[in-house]
Amino acid sequence: MVSVASGARSPDRAGAVSGPAEASAARSQDGVLVVRLAGRWHLKDGVPSTVPIEKELTGEPPRCVSFDAVAVCGWDTSIITFLTRLISLCGARGIETDRSGLPEGIQRLIALAEAVPERQGARQAAAAPSWLARIGLAVLNLREPVRDALAFVGQITLCIGKLLRGRARYRREDLLLLIQQAGGDAIGIVTLISFLVGTILAFVGAVQLEQFGAAIYVADLVGIAMVRDMGAMMTAIVMAGRTGAAYAAQLGTMKVTQEVDALTTMGMSPLEFLVLPRMIALCLMMPLLCLYADFLGIVGGMVVGGGMLRIAPLVYYNETAQAVHLIDVAGGVFKAAVYGLLVAVSGCLRGMQCGSSASAVGDATTAAVVTSIVLIITACGLFSVIFYVLGI
Amino acid sequence: MESPSPTTVTNGSAPHAGAPTDPTAHITVRDLTMAYGSLVVMRNLNFIVTRGEVFVIMGGSGCGKSTLLRHLIGLNEPATGEIWYGTENFTRADPAHRQAMVQRFGVLYQSGALFSSMTLAENVGLPLQEYTDLDAAEIREVASLKLALVGLKGFEDYYPSQISGGMQKRAGLARAMALDPEVLFFDEPSAGLDPISSRLLDDLILELRNSLGATIVVVTHELASIFAIATTCVFLDVETRTMTALGPPQELLRSGGANVRRFLSRGEANGAEGRPHG
């Protein structure tokens, strides 16, 4: 005779009957294995192991397995789990089971679980492919997104062509609202970030330049860095997290709620109606925000210069004005417009590619921000090379 | 199919060529096979929707009803086969022609699909703004009229999020009707509605058919709706992946194939003795 039990026996329970779940097996003379179940079977106490009873089955297989559940004083899914496990073990060994000793409710639930055979092919293949195969699959899976992205860029280009010929259809009210969202509403965060970036640049520069007694060149450093690169890039990154993500979420949700389909079946192109105004808004607003960020970055540098290095604001201003040329400003503003385009395109692309569930919208938003930032940094690197070659 | 009745559809497709000649045929679907990649959803669909009828696409969950609707309105492309509207080939139409054809459709999506950033009047007015020369005041007037037709008078300046699901559906219908379409498509009109709202929507569909003379195509699995509104039904069978019945619902319940009778009688018995409806 073997027995298994789960959970700790609590002394305050009245007797063995209401104790924890117990299962024991005993052979009767005519080759029947009687499984005795007792106690309180609750999922929170865990499901007792079937291993000891399994041993009884493997040694000299019994003719039949029957159950005695008289001592069970409470049960839930845990007893069903235990019994179905046991029954399938018996089934695999060709041993019959006699369930008449079980309460009627348990018998019915087990019958229900067995009623519909497993559908062929319903179980997902569990075997994980080797790492080499996974790399191959990942590359193969890239084909479709890349093709989609290229198609999207192509369609966008056609849309821009239509826009230039004045034949694109979108709502002017939408455009104005989007311009406000991408422009005025972003002033606060751009102010904060660019001011702080200016102070950080000034701090880093001040510590080094002070050693040479060249503290005044902090103004040159901050001015050139902000105007040529940091102003445009920091604004772009803020806009990627703010507006690019919003575009992906808006368009993704519109796909989920079939609003994009509704536009299509009204004969209106979602690209013209939804994507184009968003692109225009960001491409118009990014250069302005960039100019503003440049200015605030320089102000940040001036504050550090005045507070830490005792450089008078006017001196700081003159030094900056001498160092920064118009071509630097123009280059930065041009970069900002390109970054704006990249943020809008990746936000809208991810939104339009969105699947049809709430989690897909989340994925689209994440992907939009990641794509924009990757594109911004890549473009920034390319610009550095191109501007260097052109001598700007 | 053991039943020799005229409602049973054979899958052997007859050779077709050229435009449909039947003048009463509004939508002609020929040898349509729908697939997502290599996964075939339905094959060999052949049916004609007559002008001015209420045509119901029915079938079990996941059988491809909504996919068929998406093909009919051009959101999905057929794997093979063609869809004709009157004597115009929808499947082979160039983008500009297709856009012109699409403007004659009205579609009510399952969730209404109202543009959440616009008020109801703006939603209904959008197609008018795009495709007519009406000025803003006239557009607003027409939009109010369409909203009144679906029982939403006075809700012009509400946003979709401020009204109930049933009202959103009716507003979606008002938008679908904005340009007086020749065909109205309904995707699961009763999904998510209580029995009374659902019944009211059915009545509205019939009323529109009678007063506007539009052809109406409805995707639904709601038996009460099917018996109340359908003049013709097509039954998409999930097991054989094709259509197995075409005809008026009462007739299909009496003498259709075993699957369609089981469907129309909620799985009770073998159909013929299932409770007659209505």
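Student: Which domains does the domain assignment of chain A give?

Tutor: It gives domain 1 (2-115) and domain 2 (145-390); such bounds come from an automatic or database domain assignment. The centres of these two domains of chain A, taken over C-alpha atoms, are 66 Å apart. The model is predicted: local features need pLDDT of at least 70, side-chain atom pairs count only at pLDDT 80 or more, and totals for chains, interfaces and linings use all residues. Residues are numbered from 1 along each chain as its sequence is written, while chains are lettered from A and ligands numbered from 1 in the order in which they are written.

Student: Why does Asp31(B) count as partly exposed?

Tutor: A residue is buried if 20 or more other C-beta atoms, placed from the backbone, lie within 10 Å of its own, exposed if 12 or fewer, and partly exposed in between. Asp31(B) has 16 such neighbours and therefore counts as partly exposed. Asp31(B) lies in strand E1 (residues 25-36) of chain B, strands being DSSP runs (E, at least two residues) and helices likewise (H or I, at least four), numbered from the N terminus. Its phi is positive, about 45°, although Asp31(B) is not a glycine.

Student: What makes strand E7 (residues 183-187) of chain B mostly covered?

Tutor: In E7(B), 5 of its 5 residues are buried. Val183(B), Phe185(B) and Asp187(B) point one way, and Leu184(B) and Phe186(B) the other.

Student: How do you know that E7(B) and strand E8 (residues 215-219) of chain B pair?

Tutor: Two strands pair if DSSP finds at least two bridges between them. E7(B) and E8(B) have 5 bridges, in the parallel sense, and therefore pair. Within this pairing, Leu184(B) stands opposite Ile216(B). The chain passes from E7(B) through helix H6 (residues 195-212) of chain B to E8(B) in a right-handed β-α-β crossover, that is, clockwise from the first strand over the helix to the second when the strands point away from the viewer.

Student: What makes a set of residues a nonpolar core?

Tutor: Its members are buried Ala, Val, Leu, Ile, Met, Phe, Trp, Tyr and Cys residues joined through C-beta atoms within 7 Å. The largest such core has 146 residues, and those with the most contacts inside it are Ala236(A), Phe185(B) and Phe235(B). Helix H7 (residues 218-256) of chain A gives the most to this core, with 19 residues. A second, separate core of 19 residues includes Ala21(A) and Val35(A).
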